[in-house]
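The sequence and the structure come first.

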Amino acid sequence: MYDEEELVSISLLQHYTFCKRRAALIGIEQHWDENAATVDGEIMHERAHSESAENRRDLKIRMSLRLHSFALGLSGTSDIVEFHRSADSGIVIPGAEGLWVPYPVEYKRGSTHEELPYMIQLCAQCMCLEEMLKTQIDMGAIYWGESRRRQEITFDYCLREQTVETAESVHKFLAEGKTPPPRYDKKCKGCSLYDICMPKAIKRIDANQYFESFFCESDEGGL
């Protein structure tokens with residue numbers, strides 16, 4: 001179990017799974033920068049959080065719920081948590097009759113596709129809710145802003161194990177406090193921290209190769 005001051009942001013699990021250097025720039029060096037994608041995402045999140053509650057007959061919706069898990073050492077804020085009325089399982093909601101099953105929904109920019117970092121982030125929200133509400137949650141969803149479609153996610157054993165392992169790795173990673181060197185990949189093009197990371201400008205250079213090439217060039221010059 002972690003103490004309150006040891007909790008780290010749920011979103012760091014997504015960044016860590018996407019790119020460890022990005023996670024270090026955000027979580028260790030405290031860098032952040034915006035690009036068109038992150039601005040669009042921020043606008044979409046603001047719309048999602050513009051209302052705090054919505055009530056229907058068999059559905060209650062709550063936005064911006066504060067989440068935490070002392071078992072995983074995580075904290076954060078949900079985009080949306082839906083509570084669906086159920087006949088045989090769920091939690092009791094003050095002032096409401098019957099049982100209600102929580103269903104977290106995470107808003108993301110783009111179109112429906114398999115994206116493990118986002119699935120781990122959503123599963124972490126699920127496990128926070130389970131710890132806080134003493135219940136079990138089997139399903140949640142990612143809402144994709146461009147396609148305006150929901151992608152339902154099952155919180156199975158495999159995804160839960162990946163989420164636990166990622167949370168443990170992130171805690172160790174932050175405790176070590178070492179930013180990995182850059183490693184260029186095609187996914188770097190869409191990263192908002194590209195200019196800070198400089199994945200093409202900074203390269204690991206083998207010292208022996210460097211000096212060898214330096215003297216070869218000098219010899220060609222007639223020295």
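His-171 lies in helix α5, which spans residues 157-176. This is a predicted model. With a relative accessibility of 13%, His-171 falls under the 20% limit and therefore counts as buried. Apart from neighbours within four places in sequence, His-171 is in contact with Tyr-2, Glu-6, Val-8, Leu-72 and Gly-73.

**The sheet**

Val-8 has Leu-74 as its bridge partner in β5, and Gly-73 sits in the turn of the hairpin formed by β4 and β5. The sheet has three strands in the order β1-β5-β4, and the pairing is mixed.

| Strand pair | Sense | Bridges |
|---|---|---|
| β1 and β5 | parallel | two |
| β4 and β5 | antiparallel | four |

Strand β5 covers residues 74-77. In the hairpin, four residues separate β4 from β5, and Gly-73 has a positive phi of about 70°. One of the bridges in this part of the sheet joins Leu-67 to its partner Gly-76 in β5.

In a regular strand, side chains alternate between the two faces of the sheet.

**Helix α4 and Gln-125**

Gln-125 is located in helix α4. Is Gln-125 buried or exposed? Its relative accessible area is 2%, so Gln-125 is buried under the 20% criterion. Leaving out neighbours within four places in sequence, Gln-125 is in contact with Ile-10, Leu-67, Ser-78, Pro-104 and Glu-106.

**Helix packing**

Helix α1 (residues 11-18) packs with helix α2 (residues 20-27) at an angle of about 140°, and their axes are 5 Å apart. An angle of this kind makes α1 oblique to α2. On the α1 side the contact is made by Leu-12, His-15, Tyr-16 and Phe-18, and on the α2 side by Lys-20, Arg-22, Ala-23, Ile-26 and Gly-27. These residues divide into five nonpolar, two polar and two charged.

The axes of α1 and α5 cross at roughly 85° and come within 10 Å. The two helices are therefore roughly perpendicular to each other. In this contact α1 uses Leu-12, Leu-13, Tyr-16 and Thr-17, while α5 uses Thr-163, Thr-166, Ala-167, Ser-169, Val-170, Phe-173 and Leu-174. Here the division is seven nonpolar, four polar and no charged residues.

In soluble globular proteins, nonpolar side chains tend to be buried together. The largest nonpolar core holds 39 residues, of which Leu-13, Leu-74, Ile-153, Phe-155 and Leu-159 touch the most other members. At least two residues of this core come from each of α1, α2, β6 (80-86), α4, β8 (139-144) and α5. The most are given by α4, with nine residues. A second, separate core has eight residues, including Met-63, Tyr-103, Val-105 and Ala-141.

Not counting residues up to four places away in sequence, Phe-155 touches Pro-104, Leu-122, Cys-123, Cys-126, Ile-137, Asp-138, Met-139, Gly-140 and Arg-160. Pro-104 is also among the contacts of Gln-125.

Note on methods:
Residues are numbered from 1 along each chain as its sequence is written. This is a predicted model: local features need pLDDT of at least 70, side-chain atom pairs count only at pLDDT 80 or more; totals for chains, interfaces and linings use all residues. Side-chain values use heavy atoms; hydrogens and water are left out. Two strands pair if DSSP finds at least two bridges between them. Buried means under 20% relative accessible area, exposed over 50%, partly exposed in between (1.4 Å probe, protein chains only). Contact means heavy atoms within 4.5 Å. Axes are lines fitted to C-alpha atoms, for helices over the stretch in contact, and angles run from 0 to 180 degrees between N-to-C directions. Angles under 35 degrees count as roughly parallel, over 145 as roughly antiparallel, 65 to 115 as roughly perpendicular and the rest as oblique. Ala, Val, Leu, Ile, Met, Phe, Trp, Tyr, Cys and Pro count as nonpolar, Asp, Glu, Lys and Arg as charged, and the others, Gly among them, as polar. A nonpolar core is a set of buried Ala, Val, Leu, Ile, Met, Phe, Trp, Tyr and Cys residues joined through side-chain atoms within 4.5 Å.
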